[in-house]
Amino acid sequence: MALQSLALIESWPVPTAAAGVVRADGAVLGAQGPVGLRFPLASVTKPLAAYAVLVAYEEGAIELDEPAGPPGSTVRHLLAHTSGLAFDEHRVTAAPGERRLYSNAGFEQLGDHVAKATDIPFAQYLRQAVLEPLGMADTSLEGSPAKDGVSTVTDLLRFAAEVQAPRLLDPRTVAQAMTVQYPGTKGVLPGYGHQNPNDWGLGFEIRDAKSPHWTGGSSSPRTFGHFGQSGTFLWIDPDARVAGVALTDRAFGPWAIEAWPVFTDAVLSELHG
């Protein structure tokens with residue numbers, strides 16, 4: 001099955017783009033562009049890092065509700081962006097659980113926490129726990145667990161299939177990751193402004209009733225995933241039973257706010273049509 005809607009990426013105002021759609025059983029329903037080309041992921045790194053953290057949890061190396069990050073914060077707070085840490089500084093700006101403060105610093109502290117608990121550098125742990133078992137040979141973490149991943153559409157489709165039908169994690173753990181943590185928490189979605197509530201799971205942003213949003217108007221409220229400032233996104237729609245990935249080499253901006261929902265709606269429409 002070749003999805004015609006994926007060709008929409010050819011009209012995006014970007015030098016290079018690649019995209020793909022995958023089902024839970026790993027069947028790729030369509031792909032467009034250089035799907036084997038490595039792109040910087042920016043914050044699409046976070047779901048990969050979060051998955052490794054959840055493996056560490058299932059292996060018994062850490063607990064979700066053990067202290068991590070600033071005083072009073074836990075692993076769960078860090079994964080759900082409610083630790084109180086600032087965006088890009090290791091500085092506390094709120095009490096844990098009080099506000100949804102999207103934080104790269106929080107994910108860096110998560111990486112440090114897992115590295116200390118396992119005695120394995122986090123990039124190596126991610127590779128051994130997630131990337132190698134899924135055959136993601138073209139994916140690597142080259143710095144911060146918050147934003148320095150590099151990957152391909154082909155590899156991210158493997159990851160998106162895993163999240164839909166987990167083999168590395170207990171499905172109940174993944175169900176937690178896609179369930180709102182600290183419901184009713186206000187916050188800011190970078191690029192989209194203040195939201196009340198600003199819903200997140202464990203390392204994944206949850207669409208719910210957010211408007212505007214980077215997914216489609218026809219995306220189910222249960223859709224979850226992440227986008228990155230390098231012009232990248234990965235969404236999983238459990239109701240449509242499909243996941244979409246797009247990677248580009250142009251920074252996120254007004255072009256993406258306009259183009260991405262149209263793309264996602266076209267994909268979902270073609271699949272359901």
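The text below takes up the helix pair and then the pockets.

The model is predicted, with local features needing pLDDT of at least 70 and side-chain atom pairs pLDDT 80 or more, while totals for chains, interfaces and linings use all residues. Residues are numbered from 1 along each chain as its sequence is written, and side-chain values use heavy atoms, without hydrogens and water.

**Helix pair**

Helix H1 (residues 45–58) and helix H5 (residues 153–164), both DSSP runs of H or I with at least four residues, have axes that come within 12 Å and cross at roughly 50 degrees. Pro47, Leu48 and Tyr51 of H1 meet Leu156, Phe159, Glu162 and Val163 of H5 (contact: heavy atoms within 4.5 Å). These contact residues divide into 6 nonpolar, no polar and 1 charged (charged: Asp, Glu, Lys and Arg; nonpolar: Ala, Val, Leu, Ile, Met, Phe, Trp, Tyr, Cys and Pro; polar: the others).

**Pockets**

A pocket is an open set of points on a 1 Å grid where a 1.4 Å probe fits, with protein on both sides within 12 Å along at least five of seven lines; lining residues have an atom within 4 Å of a point. A volume is the space filled by probe spheres set on the points.

| Pocket | Volume | Lining by class |
|---|---|---|
| Largest | about 200 Å³ | 10 nonpolar, 1 polar, 3 charged residues |

Val163, Gln164, Met178, Ile236 and Pro238 are the closest to the centre of the largest pocket among its 14 lining residues. Helix H6 gives the most to that lining, with 3 residues. In the second largest pocket, strand E9 (residues 224–228) supplies the largest share of the lining, 4 residues (strand: a DSSP run of E, at least two residues).

Terms used. Axes fitted to C-alpha atoms, helices over the stretch in contact; angles between N-to-C directions.
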